Amino acid sequence: MKRILTTLYAICITAASFGQQYQVDTLYKTGPLDNRINVVILGDGFTEGQMPKFAAEAKKFADFFLAYNPYKRYRNYFNFFAIRTPSKESGVTNPGDAPDAYKDQPVGNKDTFFGTSFGHQIHRLVEVTKLDVLYGLMTTQFPTYDLVVVLANTDYYGGSGGQIAVHTLHKDANTIGVHEIGHTFGHLSDEYWAGSSYGMEAANMTTNSDPTTVRWKNWLNNPPIGIYKHGSDGDAAKWHKPANGTCLMEYLNQEFCAVCSEATVERLLELVNPIEKFEPETGGRVDVAHNNTFKLKLLNPDPYTLQVQWRLNGRLLPFSGEEVILKSNEVPDSASLTVSVFDSTKDSRRNEARANRTREITWSLKSSAPVEFRIASSADSVCAGGEVVLTAFGCPVVPSWSTGENGKSITVKPGQTATYSATCDLQGSPTRKAEAIVKAMPLPNATATNGGPYTEGQAIELTATGGVTYLWRGPMFFASARAHVILNDAKPEQAGLYEVEVTDVNGCSKTVQTEVKVDPILSVPNDPTVLLTVSPNPARDYISVETGLGGKSNIKLYDQAGREMLSRIFEKHTEIKLNVAAGMYLYRFTNGGREVSGKIAVQ
Amino acid sequence: MLRLFPSVAIALAGLLMLGCRSGRSVLTVSELPNYDTRSPDHILFLNFRITGKPGGNERVELASANVGNGKMKDLHRPVHFPTHIKAIPLYNTSTVEREMLFEHPLYHSAEVSDPSGHMRREEIRANEGTLFIRMPMYPGLNRLELFSVTPESGSVKIYTLSFN
């Protein structure tokens, strides 16, 4: 019995807590915390009297960061704060015992707020040692932070990365913070060769050297972007990067290359919505007789690269600003007004950018003007086989559809892109026709497999392919978003149908299933004399089965599909000739009420 | 002045007296400092002290826990070093489990640079360290499992934090 069951007391471990509040300086506040990247700058080794110096250094770093491309163009997308945490002593600890320690730097311990220290093994590796203090501070003072930078109060060069970026006040150290934020923010890889362990597919690293398909193919006509090997031999020769010595992710004295800028901007635009506010609310229908002004408040990059498009019933209106005023007599009843905002920044050349990050707001309108005969589609595009509802507006009689149906609305499930039309035939009036095109996207080629059948206690392995995201569901409230899942210590109740929704880059999903079999071990003999031995394992042309249990025993062999391949009744010992294909098999041994299962490999 | 809540020490002592097995503990989130029932969104802050050796031979202690009010963005530093900590929150609702990777405080790599702009990676080992986890609190969270991941031993569970 697991001891945990005896310890399930309502024990609450409370946290290290800060009774004291520390002054938070707002360096740049451009908007609400939940729609900005919030950078918090901390200082270590600044005494109470040096707080003005810390404030100045924090501002200096914020300005440096915001002047750095591509952040410079999106400075309004960031908030910067500094928290004043005075240390007892000025400066940071220098153990002075690293081989590369600076000879002119005084050695000694400093009692500082976060315990920042130069390294013991590598001198320039300046790290915070009181991480619990730092995180405790952030918990209470600024729990919704996004990025943390620590400034160490010394002019000697040093710094480090990780969940937080640390650097000193040395004139060349501030790019350490920008480089480290590149890792966190843009998920960028290092462009210097750091070793085989760091080879990974990333925005700026790949094994693909094909110029027609490489991830940064759209930048290859933009020197010095190219496809460069990380090294001339070994694993380094298998990995490629977009720049060769001209990117901040390789050398700290460089700026971001175009590919790293692109990844950074894409991530920024994923996290921050350029539509700050809109009026009126979209909840109900807006009566344009009373309210005909529609407004956006946009978060503008510099230079301005936002493309704003207003559409009435799908037709582009001749306005591209943040406000549109409709004339009520020109707006048919039941019309819809949509505004879309897309950042057309030249920092990104990603093919899917417009589809992925166009933000839209739609208003339903009410008007006294006659309704226009048109078809409204519940979606412009749909995954193959998906439902789309087409509704005809503006016809006083029942319209007829190209599908042969009659009615105000029809539901279609296009297997491929199709055009649908509706006809309004009002006696005494000209026949009117409206069309709608519905684009159908193919479904992913999804698969789901497991490595079973399993016996109790083994690890269940589930694998799905064919998409970019996965959503598993299964017995015992199982849910996972991973392509490859391992469930250790399998239980019989975990057996059953597992299904995974596989979604591709278009957002199209297909659900596939795999059945997991887990056989129970009903009785495991405790007495070593009754243990079952099945050998050899792996086996070739026979297996020997031996048990210490008396009486008749039965052993059965099953293949991975659960088919019984052989059965033998015996007492104490038997040898069975195998005439089966190579592979993994499950055996089930029974003796009276006892049962033991296991796996055996046949070569 | 920073001070640890005395209750941390009391609770940890209580765990030991009750015979709590190393590597497990129970947390009542609604009783944590700063928990505000009026806030629709909460962020959980967990601070673990880790000693021993990576690969399943770690000793993990929950040093502190706290709650912040508000939303956090999906902004995690990717971890690619082969040795790391994997954290998986598990829910008794249909909330999807999403694993989180963290640098192993006892064995990780660090970037070292020099004023000329050159960088390299160095492996850092330690006998003890701090693992800090910040994660959004979704309804139905009933436990958080920590795994030590190494090339030699694969993924080994080293701690389970249950939630009341």
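The link of A:Cys395 and A:Cys424 is right-handed, with 85 degrees about the S-S bond, and in this predicted model the two sulfurs of that disulfide stand 2.1 Å apart. A:Cys395 lies in the loop between strand S19 (388-393) and strand S20 (400-401) of chain A, while A:Cys424 belongs to strand S22 (residues 418-424) of chain A, so the pair ties together parts that are 29 residues apart in sequence.

**Disulfides of chain A**

- A:Cys383 is joined to A:Cys508 by a disulfide with an S to S distance of 2.1 Å, and this pair links distant parts of the chain, 125 residues apart.
- Of these partners, A:Cys383 sits in strand S18 (residues 381-383) of chain A, whereas A:Cys508 is found in the loop between strand S30 (496-503) and strand S31 (509-516) of chain A.
- The torsion about the S-S bond of A:Cys383 and A:Cys508 is about -95 degrees, so this disulfide is left-handed.
- Both A:Cys383 and A:Cys508 are buried, and A:Cys395 and A:Cys424 are buried as well.
- When the bonded cysteines of chain A are numbered in sequence order, the pairing reads 1-4, 2-3.

**Cysteines A:Cys257 and A:Cys260**

- The closest cysteine sulfur to that of A:Cys257 belongs to A:Cys247 and is 3.4 Å away, which is too far for a bond, because a disulfide requires cysteine sulfur atoms within 2.5 Å.
- A:Cys260 is likewise in no disulfide, and its nearest cysteine sulfur, that of A:Cys257, is 3.6 Å away.
- A:Cys257 is buried, with a relative accessible area of 5%, and A:Cys260 is also buried, with a relative accessible area of 0%.

- In chain B, 3 strands form an open sheet in the order S3-S2-S8, with antiparallel pairing.
- Strand S3 (57-69) and strand S8 (128-137) of chain B are the edge strands, each of which pairs on one side only, and the twist averages 20 degrees from one strand to the next.
- Strand S2 (residues 42-53) of chain B runs antiparallel to S8(B) and is joined to that strand by 10 bridges; B:Asn47 stands opposite B:Phe132 in S8(B).
- Helix H2 (residues 131-141) of chain A packs on this sheet, touching S2, S3 and S8 of chain B, and the direction of the helix makes about 15 degrees with that of S8(B).

Technical notes
Residues numbered from 1 in each chain as written. Chains lettered and ligands numbered in written order. Predicted model: local features only at pLDDT ≥ 70, side-chain atom pairs only at ≥ 80, totals over all residues. Heavy atoms only, no water. Helix = DSSP H or I, 4+ residues; strand = E, 2+ residues; numbered from the N terminus. Buried < 20%, exposed > 50% of the residue type's maximum accessible area, 1.4 Å probe, protein only. Pairing = 2+ DSSP bridges. Axes fitted to C-alpha atoms, helices over the stretch in contact; angles between N-to-C directions. Contact = heavy atoms within 4.5 Å.
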